[in-house]
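Hello,

Here is the structure I promised to pass on. Please have a look at it first, and then read my notes below.

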Amino acid sequence: MTWWLHTRRTVLLAVVTAGFWMTTLAVGNTSLPLPQLGGATSANVPFVLFAPLAPAIALNACYGTPTPVEATALRRVAALDSLLALAVVVATAAVATPVAAGWIGGVNDFLADSAVRNLACYTGLALIGRTALGNHVSTVIPTLLALTVSVFGYGPEQAAHWWAWPAAQPSDVLSWAGSAALLMIGLYRTAQGDFPRRS
């Protein structure tokens, strides 16, 4: 376990995740006006659309490239990797709960709920990309989604399109269901690394 904690650089991941929340709580209500190509002429894109990329990308960076030792390890390394990803999302949800409940002033519900949902979405995409395309390409996929949503994701009156889950309102059920599904698929595909390979 000590070897796994060291190779996965969990301290670095914890620092990035904590920094993500400190920054989100400090400036999370701000937005960036961007030109739109999805129906609106421009839109105020919230900071929380981009902020969850930091822990999602850091998670994959901390996984690194699997070593030959992991293929022969007795412990289920891939299952531990899945649990690590889940722990990041659960920890974010734990921080978001008092924010959403109004115990922390100056931060609205949209910020807290969107941070959790978007982190789940980006983490799921990064994990799927890691298992399908490799560790280096995996971080590009959630980044491309965030950039695509920021430019093409808004229609008239700054309403998010149905597919632009990271920009959707927290009350949008589809965005939650889709993000949760991506996370579960990513966790499952990561854990599959422990399954016996068919010859």
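Which residues of α2 are buried? They are Leu13, Thr17, Phe20, Trp21 and Thr24, where buried means under 20% relative accessible area, exposed over 50% and partly exposed in between, with a 1.4 Å probe and protein chains only. Seen down the axis of α2, these buried residues fall within an arc of 90°, so they line one face of the helix; the arc is that of the directions from the helix axis to the C-beta atoms. On the other side of α2, the exposed residues are Val11, Val15, Met22 and Ala26.

Before I go on, a word on the source: this is a predicted model, in which local features need pLDDT of at least 70 and side-chain atom pairs count only at pLDDT 80 or more, while totals for chains, interfaces and linings use all residues. Residues are numbered from 1 along each chain as its sequence is written, and side-chain values use heavy atoms, with hydrogens and water left out.

Back to α2. Helices (H or I, at least four residues) and strands (E, at least two) are DSSP runs, numbered from the N terminus. Helix α2 covers residues 10–27, and its 18 residues should span 26 Å at 1.5 Å a residue, which agrees with the 26 Å between its end C-alpha atoms. The expected span is 1.5 Å times one less than the number of residues.

What covers the buried face? The cover of the buried residues of α2 includes α3 (53–63), α5 (77–100) and α6 (109–133). With α3, the axes come within 9 Å and cross at roughly 175°; axes are lines fitted to C-alpha atoms, for helices over the stretch in contact, with angles from 0 to 180 degrees between N-to-C directions. The two helices, α2 and α3, are therefore roughly antiparallel, a term for angles over 145 degrees. Leu12, Leu13, Val16, Thr17 and Phe20 in α2 meet Ala54, Pro55, Ala58, Leu59 and Cys62 in α3, contact being heavy atoms within 4.5 Å.

On the cysteines, Cys62 is buried at 1% relative accessible area, and Cys121 is buried at 1% as well. The structure holds 0 disulfides, that is, pairs of cysteine sulfur atoms within 2.5 Å.

Asn135, in helix α7 (residues 135–138), lies 75 residues from Asn60 in sequence and 6.8 Å from it in space, C-alpha to C-alpha. Asn135 is buried at 16%. Thr139, in the loop between α7 and α8 (140–152), is buried at 18% and touches Ile57 and Asn60, not counting residues up to four places away in sequence.

Best wishes

Notes
Angles under 35 degrees count as roughly parallel, over 145 as roughly antiparallel, 65 to 115 as roughly perpendicular and the rest as oblique.
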